[in-house]
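Here are my notes for anyone opening this one for the first time. Have the sequence and the 3D view side by side as you read.

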Amino acid sequence: MTVFIIRRLMQSSLVLLLMSLLVFFGVFAIGDPIEIFIAPDADQAERARAIAALGLDKPIWEQYVMFVANAVAGDLGRSFVFNIPSIELILQRMPATLELAIVAVALSVVLGVPLGMYAGYKPDGAVAKTIMAGSIFGFSLPSFWVGLMLILIFAVELGWLPSTGRGEVGTFLGIQSSIFTFNGLKHLLLPALNLALFNISLVIRLTRAGMRENLPMDYVKFARAKGLSKRRVILVHVLKNILIPIVTVVGLEIGSVIAFAVVTETIFAWPGMGKLIIDSINNLDRPVIVAYLMIVVLMFIVINLVVDILYSILDPRVRLGDMGK
Amino acid sequence: MAGAIQASEGTAKVETPFRRFVADFTESKLALGGLIVFAIVFVAAMLCAFISPQNPYDLRQLDIMDGKMPPGSVSSDGLKFWLGSDSQGRDMVSAILYGLRTSFLVAVTSGFIAAAVGTTVGLIAAYYGGKIDTFLMRTVDIKLSFPAILIALILLALLGQGTGKIILALVIIQWAYYARTVRASALVERRKEYVEAAHCLALPKSRILFRHILPNCLPPLIVVATIQIANSIALEATLSFLGVGLPITEPSLGLLIANGFEYILSGVYWISFFPGIALLVTIVSINLVGDQLRDVLNPRLQK
């Protein structure tokens, strides 16, 4: 186990190193770092100071060392637009994105598992067929377009829900979130549903496949023969077995959901870091772009590492297979 | 099943693998419908310069006074806007066809390059094995642990916009899927006797790889390619919608939908709605074909 974790840690550091090189060369070799890190309206003295601070007069490998040292120290330049350190700006926006992502993942399980179980329990019924057809659309529909249509239907035509912003933010146990106010929840519902759509379809398909695989098994027959009610067999015995693959896949999808929040946040003007990156790309606010890329890549490496380690704890075959190589 | 038996018994035709494939494929009416719809959309998009009522990207043919006309209205020079017009006075039907052509060109070009790169990597990994295999497959694993949209954002934020750049981004996103698929089937193939026979004939390695092993790895590759093309179309539209994909001078469904987004709150729905439907029809039809291909080409399900 320790060997496995050490090996994975080494791999993660390698990826981080590669990503920092990629971002560094993207910024320093392809682009012009003076243009990227120094605001266009800076005067001569400011420019000279910034060039010295970034070490742009030094050889390229020394510049890389300084870039990494600055990044580790949390200094990746100040945003041109907001004039605060870009890392601070991104960390300010992160809670809104995480909130959206967590609610979306929760929605996909809460809606996906029951629908999938029903579709697997009565696979030939009209309801099951409708659910499965719906899941095909969930996979195929471009999510940004679904977001627009949700706004068109629920905000423009029906006027039930607001279409932009995060709404009121409440505080509970020291955590600030829109979940804690009614107004905030109303703002959260459409973006979260939009973001969850793909994963709802995924969970439906996984759950249905799990049901169809588990129902004919001996333990189900045995539990029924023992006199347990159908309800108990399905909701307790079968559900437990279905949940293993679902938990794994949903865990792996958290990262994707955070990445895809870029799209949802842009549509619903949700003030998270995804909207920030798109605004920054459009405003050419390059220090923020660089900081976003570094932070998100770091976040992904950590998520992947944690999921891999958890997976190897849950399923010993993974780590034993890796050791055998 | 039934179709295949009919084809071999009912007529005097010999059952070739291709005929059997066609019979199996057409067994699902849904997939056949998908294929027909896809063919119509594809041909219409490719011929957009000849069949669309106007060239929506030729500014001389546009009149800003015709902007935002609802579906079914008639423009100042007598052109009927079946699906309405956008804010610049473009006919939506024409704009959608031109946009679809761009989507197909980007998706197919990037798909071909990614398939070529991925297949080569996969074949090399499977054939040489050992350290080369471990290294290549680790790279694939790492690449696949990052979601496609994140990779695209990183590349496009660093490189800037452009058709060539989005194709490059899509290639970098897709190659790993092809590599993994080809490696998996090539690993099975290389242990078979015909490869041993080819070795005994002292054929060059490249010939064994590309002329003997590769053709036998094609079925799963075709399935992956189908699904990847649908994904690329969706991703390209998403990136263009976000304003980081195609430049605004290129006809694109994503940009069209983004333009319509500005007017959606005032009830002008058709600028965003119809391009989205076009995307949906295209992607669903490709996915239906892909699903059936997977079932037909999967050796485990072969009857």
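How many residues apart are R20(B) and D24(B) in helix α2 of chain B? Keep that in mind until point 2.

1. First, the ground rules. This is a predicted model, with local features needing pLDDT of at least 70 and side-chain atom pairs counting only at pLDDT 80 or more, while totals for chains, interfaces and linings use all residues. Residues are numbered from 1 along each chain as its sequence is written, chains are lettered from A and ligands numbered from 1 in the order in which they are written, and side-chain values use heavy atoms, leaving out hydrogens and water.

2. Back to the opening question: R20(B) and D24(B) are four residues apart in helix α2 (residues 17-25) of chain B, so about one helical turn separates them. Their side chains meet in a salt bridge, at 3.9 Å from N to O. (A salt bridge here is a side-chain nitrogen of Lys or Arg within 4 Å of a carboxyl oxygen of Asp or Glu; helices are DSSP runs of H or I with at least four residues, strands are runs of E with at least two, and both are numbered from the N terminus.) R20(B) is partly exposed at 26% relative accessible area, whereas D24(B) is buried at 5%. (Buried means under 20% relative accessible area, exposed over 50%, and partly exposed in between, using a 1.4 Å probe and protein chains only.)

3. Chain B has another pair to look at. R183(B) forms a salt bridge with D133(B), and their closest N and O atoms are 2.7 Å apart. R183(B) sits in helix α8 (residues 163-189) and D133(B) in helix α6 (residues 130-144), so this pair ties together parts of chain B that are 50 residues apart in sequence. R183(B) counts as partly exposed at 22%, while D133(B) is buried at 12%.

4. Over all chains, the search finds six salt bridges.

5. Now, where do the chains meet? In all, 40 residues of chain A are in contact with 33 residues of chain B (contact means heavy atoms within 4.5 Å). About 3400 Å² is buried between the two chains, and carbon and sulfur atoms give 82% of that. (Buried area is the accessible area, with a 1.4 Å probe, that two parts lose on being put together, summed over both.) On the chain A side, F144(A), W145(A) and L148(A) lose the most area to chain B, together 18% of what that side buries.

6. What about salt bridges across that interface? The rule finds zero between chain A and chain B. The elements giving two or more residues to chain A's side are α1 (2-30), α6 (126-140), α7 (143-157), α10 (230-268), α11 (273-283) and α12 (286-314).

7. Finally, chain A on its own. Chain A has 13 helices and two strands, and buried residues make up 46% of its 325 residues. Among contacts in chain A with a separation of 6 or more, 69% join residues 24 or more positions apart.
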